[in-house]
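These are my notebook entries on a structure I went through on screen. I kept to what I could look up in the model and wrote each point down as I came to it.

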Amino acid sequence: MAEVKLNIQKEEPSAFELYDDGEKYGEMVFDIQRENLTVYHTEIDPEKEGKGYAKLLLDAMVNYVRTNNLKVIPLCPYVHLQFKRHEELYRDIWNKVREND
């Protein structure tokens with residue numbers, strides 16, 4: 001069963017990491033500054049694409065952001081596309097103002 005683990009780093013970007021059967025198959029790289037979580041990149045092992053793993057990472061990130069009262073700057077193309085497609089789901093956490101800085 002797939003699980004997402006949070007890997008917070010002090011001096012470099014952090015990541016939500018996706019594991020299945022003990023192996024890492026993907027990650028969502030981000031950084032937190034003040035009240036903003038900036039998502040830079042989401043990557044899934046090419047052999048594991050199409051299994052909903054990116055959505056698991058997205059859901060974990062959204063849950064973390066809401067729990068910690070943060071806003072998201074979606075620089076990652078995948079996250080940005082999901083925010084645009086489903087704006088009603090992410091309106092409360094999408095920092096559109098900072099996204100364009």
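Predicted model: local features only at pLDDT ≥ 70, side-chain atom pairs only at ≥ 80, totals over all residues.

Thr42 is found in strand β4, and I listed its contacts while leaving out residues up to four places away in sequence: Thr42 touches Glu27, Met28, Ala54, Leu57, Cys76, Tyr78 and Val79. I then turned to Val79 and, with sequence neighbours up to four places away again not counted, found that Val79 touches Met28, Val39, Thr42, Leu58, Met61 and Pro74.

**Pro74.** Pro74 lies in strand β5, residues 71–74, and it is buried, with a relative accessible area of 2%. I also noted that the C-alpha atoms of Pro74 and Ile93 are separated by 10 Å, the two residues being 19 residues apart along the chain.

**The nonpolar core.** Which residues touch the most other members of the largest nonpolar core? I found that this core has 23 residues, and that Met28, Val39, Leu58, Met61, Val79 and Phe83 are the ones that touch the most other members. At least two residues of this core come from each of β2, β3, β4 (36–44), α1 and α2 (77–85), and α1 gives the most, with seven residues. As background I wrote down that nonpolar side chains tend to be buried together in soluble globular proteins.

**Helix α1.** I checked the length of α1 against expectation: at 1.5 Å a residue its 15 residues should span 21 Å, and since its end C-alpha atoms are 21 Å apart, the two values agree. In α1 I found Tyr53, Ala54, Leu57, Leu58, Met61, Val62 and Val65 to be buried. Beside this list I put the general point that an α-helix has 3.6 residues a turn, so residues three or four places apart point the same way.

**Aromatic pairs.** My search of the whole structure finds five aromatic pairs. The rings of Tyr25 and Tyr53 have their centres 6.4 Å apart and their planes at 5°, so I recorded this pair as stacked. Because Tyr25 lies in strand β3 (residues 23–33) and Tyr53 in helix α1 (residues 53–67), the pair ties together parts that are 28 residues apart in sequence. Are Tyr25 and Tyr53 buried or exposed? Both of them are buried. I also recorded the rings of Phe83 and Tyr90 as stacked, because their centres are 4.6 Å apart and their planes are at 10°; Phe83 and Tyr90 are buried as well.

**Charges over rings.** I looked for charged side-chain ends placed over rings and noted two cases. The charged end of Lys48 sits over the ring of Tyr25, 4.7 Å from its centre, and the charged end of Lys5 sits over the ring of Tyr19, 4.7 Å from the centre of that ring.

**Ser14.** I went on to Ser14, which lies in strand β2, residues 14–20, and which counts as buried because its relative accessibility is 5%. The side chain of Ser14 reaches the backbone nitrogen of Gln9 at 2.8 Å. Leaving aside its neighbours within four places in sequence, I found Ser14 in contact with Asn7, Ile8, Gln9, Met28, Val29 and Phe30.

**Positive phi.** My last entry concerns backbone angles, for which I kept in mind that most residues other than glycine have a negative phi. Asp21 has a positive phi of about 55° although it is not a glycine; its place is in the loop between β2 and β3, and it counts as exposed because its relative accessibility is 69%. Asn69, also a residue other than glycine, has a positive phi near 50° and lies in the loop between α1 and β5. With a relative accessible area of 67%, Asn69 is exposed.

How values were computed: Residues numbered from 1 in each chain as written. Heavy atoms only, no water. Phe/Tyr/Trp six-rings, centres within 6.5 Å; stacked < 30°, edge-to-face > 60°. Helix = DSSP H or I, 4+ residues; strand = E, 2+ residues; numbered from the N terminus. Buried < 20%, exposed > 50% of the residue type's maximum accessible area, 1.4 Å probe, protein only. Lys NZ or Arg CZ within 6 Å of the ring centre and 35° of its normal. Polar contact = N/O pair within 3.5 Å; in protein donor to acceptor, adjacent residues only side chain to side chain. Contact = heavy atoms within 4.5 Å. Expected span 1.5 Å × (residues − 1). Core = buried A, V, L, I, M, F, W, Y, C linked by side-chain atoms within 4.5 Å.
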